[in-house]
Amino acid sequence: MTATARKSISEPIAAIAAAQGGGAVVQMTRRPAPRLKLHGPIGSVMRSVLPPILVLIALLGLWQILCSGPGATLPPPSQVWIDSYDLIAYPFFDYGSQDIGLAWRVLVSLQRVAVGFGLAAIAGVLLGAVVGQSVWAMRGLDPIFQILRTVPPLAWLPLSLAAFQDSNPSAIFVIFITSIWPVIINTAVGVRNIPDDYRNIARVLRLNPLEFFYKIMIPAAAPYIFTGLRIGVGLSWLAIVAAEMLTGGVGIGFFIWDAWNSSRLSDIIVALAYIGVTGFVLDKLVALVGSVVTRGTAKN
């Protein structure tokens, strides 16, 4: 509505009010709709937790509806709860070498991830620093890194089994070779983006290469390094699950393969939930360490 139209409507109203008693015209305003306000720590937690819970409930309801028919090939959530109640309610049971809870299986897989990813983090930061600092190293090594990082994790497994003749070091090698590339690449990018002022200060202070590495290079490139570490830890978790399906043992990956061979679809679904939650926790843990080390520069 234009200003002229609003004025033409308000003038007769004012005339009528003046004729009836000369009172002032009070314009009616629309009262805003009430909104739910969440303040303080509890409100912050609710804003973070409530939306995913609501979405999860909606997805479970949709899943229940789609898989409850007679022609459904996957079990609905209610059937998963009935079939795999022991795995859900008692994750730490231990009745023998292969009859253990999923929490113990996840811990076995995490031990391998800790070794493989730890080695990849150390080697990746060192190689990334060399590639980022030296133009000749970047020209010689970067194309090779770009080619090798596209090789799928399982493609390395036959070669590692032939080299190590044992499933455990083979799985650790697959984790290492899968997760090292994002660490190298992100570290190299971070080193190349170090401001020239920092390098000039190092020259003025006459820092040797080792002092420059841990006093200037690592702190300046830390946000990039932890971005690579977050990507690497996710890839390492993917690699160990895939490797364990073929190498055996008591890890979570072999459990999924064994459940498939036994047609226990409900157990597979529960194991996938364990894998997803564990991967989420690993990512947030690395992000938290990065936020503390970089004083908030590496954002979650």
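Predicted model: local features only at pLDDT ≥ 70, side-chain atom pairs only at ≥ 80, totals over all residues.
**View 1. Helices α10 and α11 cross each other at an angle of about 45°.** Two packed helices are described by the angle between their axes and the distance between the axes. Here, helix α10 covers residues 209–247, helix α11 covers residues 252–261, and their axes are 6 Å apart. Angles under 35 degrees count as roughly parallel and 65 to 115 as roughly perpendicular, and α10 and α11 are therefore oblique to each other. The crossing in which α10 passes α11 is right-handed. Look for W237, V241, E244 and M245 on the α10 side, where they meet I252, G253, F254, I256 and W257 of α11. Sorted by class, the residues of this contact are seven nonpolar, one polar and one charged.

**View 2. Helices α5 and α8 pack at an angle of about 30°.** You can find α5 at residues 102–133 and α8 at residues 167–192, with 6 Å between their axes. Their crossing is right-handed. Within this contact there are 20 nonpolar residues, along with eight polar and two charged ones.

**View 3. The largest pocket holds about 370 Å³ of space.** Which residues line the largest pocket? They are L56, L59, L60, W63, P77, V80, W81, I88, I269, V270, A273 and V277. Three helices, α2 (40–66), α3 (77–83) and α12 (265–293), each give two or more residues to this lining. By class, the lining of the largest pocket has twelve nonpolar residues, with no polar and no charged ones.

How values were computed:
Residues numbered from 1 in each chain as written. Heavy atoms only, no water. Axes fitted to C-alpha atoms, helices over the stretch in contact; angles between N-to-C directions. Helix = DSSP H or I, 4+ residues; strand = E, 2+ residues; numbered from the N terminus. Parallel < 35°, antiparallel > 145°, perpendicular 65-115°, else oblique. Left-handed = near helix turned anticlockwise from the far one by under 90°. Contact = heavy atoms within 4.5 Å. Nonpolar A, V, L, I, M, F, W, Y, C, P; charged D, E, K, R; others polar. 1 Å grid on protein atoms, 1.4 Å probe; cavity = no way out; pocket = protein on both sides within 12 Å on 5 of 7 lines; lining within 4 Å. Points joined across faces, edges and corners; volume = space filled by probe spheres on them.
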